[in-house]
Structures are given as structure tokens and as C-alpha cells.
Amino acid sequence: MTSYSWSYKLLHWLSAVLIILMCFALVGFNPQMSDADRSVMLIGHSSIGTFITLLIMIRLFKRFILKHKQPKHEQPPTFVTIAQLTHYALYALMVLVPLTGYITANFHQLPVQLFASIALNGSHDTNLFNTARFVHASCVKALIALVILHIAGVLRHKFILKDNTLYKMRPWFANK
């Protein structure tokens with residue numbers, strides 16, 4: 001097997017684009033924002049987060065339940081271990097980020113809705129909200145750090161090792 005399946009590639013790149021989009025929430029939710037603008041942002045943020053959650057569930061199912069085949073990457077055992085740990089941590093954080101996001105939404109003072117129709121809120125509790133938001137933001141920052149490490153690994157393969165690892169997940173053109 002020289003390449004990931006089209007479905008793996010689609011899930012990977014859709015997840016990547018949406019996760020990068022969601023990272024803009026770090027700057028999008030600013031204190032000067034009105035409650036009306038924040039409510040609109042929360043609807044979009046929670047809706048995209050739900051879509052990402054569905055994609056992640058499918059990825060986890062394909063990877064760990066169906067155990068779809070994946071191409072092998074020739075590299076020293078140390079780098080194989082680093083890559084595996086990074087991928088497992090990415091999967092863990094891709095579960096924790098939306099989970100902590102939903103918990104945070106549950107204690108938010110503003111109405112948080114999915115697709116402007118399904119309410120996520122429970123009862124507002126400022127202390128629980130602040131704690132959940134801190135955990136959520138910490139998970140997001142850890143996810144960003146791991147995504148950067150993941151990209152660094154890809155660049156290492158492309159420019160230092162000069163192997164074809166990049167082409168195994170690339171959604172366009174044939175593999176080299």
C-alpha cells in the first residue's frame with residue numbers, strides 16, 4: 001500500500017481545515033465583543049465543532065475499530081515511536097477539545113446553540129464555566145502545539161529525508 005485511501009485523505013484534510021478555522025476563535029472571542037456578536041460566534045463555533053466531532057468519530061472508527069490499512073513509513077524506531085505518540089495525542093486532543101467545549105457551553109451565561117436551533121446550555125455557573133473554559137483553552141493550545149509538531153514531521157520527511165511520506169496523504173496528483 002503506497003497511499004492512504006481517499007476516505008482517509010478526505011477526513012484528514014476536512015478535519016485539518018476545520019480545526020485551523022476553529023483556532024481563530026482564540027482571537028475571535030475578545031472581551032470587547034457585544035453579547036449579540038458573541039452569540040453569533042458561539043453558534044458558528046459550536047456548529048463547526050460538532051461537525052469536527054462527527055469527523056473525528058468516523059476517523060477513530062476507521063482507525064481503531066475497522067483497523068483500515070495504512071501505508072508503512074520507513075524510518076528509525078525512535079521516529080516511529082515519536083510519530084505514533086504524536087498521532088495518539090492528536091486523536092486524544094481531537095476528542096478532548098470538543099468534549100471540554102460542550103462542557104464549557106453547558107455553563108455559559110449566553111445561549112449556546114448548534115446550527116441556531118439545538119440548545120447546549122444547562123445552568124449557568126461562573127466558577128464551573130471559568131474552569132471548563134480554562135481546560136478547553138489549554139487543550140486547544142496543546143492541540144495547536146501538536147499540529148505544529150505534526151507539520152514539522154511532514155516537512156522533515158519532505159526536505160530532510162526526501163522520501164515520499166507527504167505523497168501518501170496528499171489529496172491531489174498521483175503518488176511519486
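The model is predicted, and its chain contains six helices and two strands. Along the sequence these elements follow the pattern α-α-α-α-β-β-α-α. The C-alpha atoms fill a box of roughly 50 × 25 × 25 Å when taken along the principal axes. Of the 176 residues in the chain, 34% are buried, and among contacts with a separation of 6 or more, 72% are between residues 24 or more positions apart.

**Nonpolar core**

- The largest nonpolar core has 16 residues, and those with the most contacts inside it are Ile19, Ile52, Leu90, Leu93, Met94, Val97 and Leu143.
- Two or more residues are given to this core by each of helix H1 (6–23), helix H3 (35–65), helix H4 (77–106) and helix H5 (126–161), and the largest share, five residues, comes from H4.
- Val97, one of the core residues with the most contacts, is in contact with His136, Cys139, Val140 and Leu143 once its neighbours within four places in sequence are left aside.

**Helix H1**

- Helix H1 has 18 residues and reaches 26 Å from its first C-alpha to its last, which is close to the 26 Å expected at 1.5 Å a residue.
- The buried residues in H1 are Ser7, Tyr8, Lys9, Leu11, His12, Ser15, Leu18, Ile19 and Met22.
- An α-helix has 3.6 residues a turn, so residues three or four places apart point the same way.
- The buried residues of H1 pack against helix H2 (25–28), H3, H4, H5 and helix H6 (165–169).

**Packing of H3 against H4**

- The axes of H3 and H4 come within 10 Å and cross at roughly 145°, and this crossing is left-handed.
- On the H3 side the contact is made by Ser46, Gly49, Thr50, Thr53, Ile56, Arg59, Leu60, Arg63 and Phe64, while H4 provides Tyr88, Tyr91, Met94, Val95, Pro98 and Tyr102.
- By residue class, the contact of H3 with H4 divides into nine nonpolar, four polar and two charged residues.
- Met94 takes part in this contact and is also among the residues with the most contacts inside the largest nonpolar core.

**Individual residues in H3**

- Arg38 has its place in helix H3, and this arginine counts as buried because its relative accessible area is 17%, where the cut-off for burial is under 20%.
- With neighbours within four places in sequence left aside, Arg38 is in contact with Phe29, Asn30, Pro31, Met33 and Leu110.
- Ser47 is also found in helix H3 and is likewise buried, with a relative accessible area of 8%.
- Not counting residues up to four places away in sequence, Ser47 touches Gln113, Leu114 and Phe115.

**Ile82 in H4**

- Ile82 is found in helix H4, and its relative accessible area of 41% makes this residue partly exposed, a class that lies between the limits of 20% and 50%.
- The C-alpha atoms of Ile82 and Gly153 are separated by 9.6 Å, although the two residues are 71 residues apart along the chain.

Methods. Residues are numbered from 1 along each chain as its sequence is written. This is a predicted model: local features need pLDDT of at least 70, side-chain atom pairs count only at pLDDT 80 or more; totals for chains, interfaces and linings use all residues. Side-chain values use heavy atoms; hydrogens and water are left out. A nonpolar core is a set of buried Ala, Val, Leu, Ile, Met, Phe, Trp, Tyr and Cys residues joined through side-chain atoms within 4.5 Å. Buried means under 20% relative accessible area, exposed over 50%, partly exposed in between (1.4 Å probe, protein chains only). Helices (H or I, at least four residues) and strands (E, at least two) are DSSP runs, numbered from the N terminus. Contact means heavy atoms within 4.5 Å. The expected span of a helix is 1.5 Å times one less than its number of residues. Axes are lines fitted to C-alpha atoms, for helices over the stretch in contact, and angles run from 0 to 180 degrees between N-to-C directions. A crossing is left-handed if the near helix is turned anticlockwise from the far one by less than a right angle, and right-handed if clockwise. Ala, Val, Leu, Ile, Met, Phe, Trp, Tyr, Cys and Pro count as nonpolar, Asp, Glu, Lys and Arg as charged, and the others, Gly among them, as polar.
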